[in-house]
Amino acid sequence: MDHSLLNRITVNPEICHGKPTIRNKRYTVDLILDLLSAGSSHQEILQDYPSLTEEDILACLAYATKLTKYTSYSKIAI
């Protein structure tokens, strides 16, 4: 895993109530993951959010991967 990607993910209590965001912007990691899981392509996301980069999307995926390695598994509320 490219740890430099993870440096793009920031947590700041002043931005989006402390949710993980991309480079202190108001784009949350969960927004990007929701878009990807709904079937949006990287290109579609980049067109809709022109201030983001391919590396930002990869950083969200890397962050999610890291979280799944260190959290306990429980039933997800749907």
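User: In this predicted model, which residues does T10 touch, not counting residues up to four places away in sequence?
Analyst: T10 lies in strand β1, which spans residues 9-10, and with a relative accessibility of 17% this threonine counts as buried, because the limit for that class is under 20%. The side chain of T10 also reaches the backbone nitrogen of N24, at 2.8 Å. Once residues up to four places away in sequence are set aside, the residues that T10 touches are K19, P20, T21, I22, R23 and N24.

User: Is T21 buried or exposed, and at what relative accessibility?
Analyst: T21 is placed in strand β2, residues 21-22, and its side chain reaches the backbone oxygen of K25 at 3.5 Å. Leaving aside neighbours within four places in sequence, T21 is in contact with R8, I9, T10, I15, C16, Y27, T28 and V29. Its accessibility falls under the 20% limit, so T21 counts as buried, at 0%.

User: What value does phi take in N24, the residue whose backbone nitrogen is reached by the side chain of T10?
Analyst: N24 is found in the loop between β2 and α2, where a relative accessible area of 38% makes this residue partly exposed. N24 is a residue other than glycine, yet its phi is positive, near 60°.

User: Where is C16 placed, and what is its phi?
Analyst: C16 is buried, with a relative accessible area of 17%, and its place is in the loop between β1 and β2. In this residue, which is not a glycine, phi has a positive value, near 50°.

User: How many disulfides does the structure hold?
Analyst: Among the residues of the chain are C16, buried with a relative accessible area of 17%, and C60, buried with a relative accessible area of 0%. A disulfide would require a pair of cysteine sulfur atoms within 2.5 Å, and the number of disulfides in the structure is zero.

User: How many aromatic pairs are there, and what is the geometry of the rings of Y27 and Y49?
Analyst: The count comes to one aromatic pair. The ring centres of Y27 and Y49 are 5.4 Å apart and the planes stand at 75°, which is over the 60 degrees required, so the pair is edge-to-face.

User: How many residues apart in sequence are the parts that the pair of Y27 and Y49 ties together?
Analyst: Y27 is partly exposed, with a relative accessible area of 21%, and Y49 counts as partly exposed at 22% relative accessibility. Y27 lies in the loop between β2 and α2 (29-37), whereas Y49 lies in the loop between α3 (42-48) and α4 (54-70), so the parts tied together by the pair are separated in sequence by 22 residues.

User: Which residues does L52 touch, not counting residues up to four places away in sequence?
Analyst: L52 is one of the residues of the largest nonpolar core, a set that also includes I22, I32, I45 and L46. With residues up to four places away in sequence left out, L52 touches I22, R23, Y27, I32, I45 and L46.

User: How wide is the arc that V29, I32 and L36 cover around the axis of α2?
Analyst: Within α2, the residues V29, I32 and L36 are buried. They lie on the same side of α2, because the arc they cover around the axis is only 70°.

User: What distance separates the C-alpha atoms of L35 and I45?
Analyst: L35 has its place in helix α2, and, not counting residues up to four places away in sequence, it touches S40, I45 and Y49. L35 and I45 are 10 residues apart along the chain, and their C-alpha atoms are separated by 7.6 Å.

User: In what order do the elements of the protein chain run from the N terminus on?
Analyst: The protein chain has 78 residues, of which 26% count as buried, and its secondary structure comes to four helices and two strands. From the N terminus on, the order of these elements is α-β-β-α-α-α.

Note on methods: Residues numbered from 1 in each chain as written. Predicted model: local features only at pLDDT ≥ 70, side-chain atom pairs only at ≥ 80, totals over all residues. Heavy atoms only, no water. Buried < 20%, exposed > 50% of the residue type's maximum accessible area, 1.4 Å probe, protein only. Polar contact = N/O pair within 3.5 Å; in protein donor to acceptor, adjacent residues only side chain to side chain. Contact = heavy atoms within 4.5 Å. Phe/Tyr/Trp six-rings, centres within 6.5 Å; stacked < 30°, edge-to-face > 60°. Core = buried A, V, L, I, M, F, W, Y, C linked by side-chain atoms within 4.5 Å. Arc of directions from axis to C-beta.
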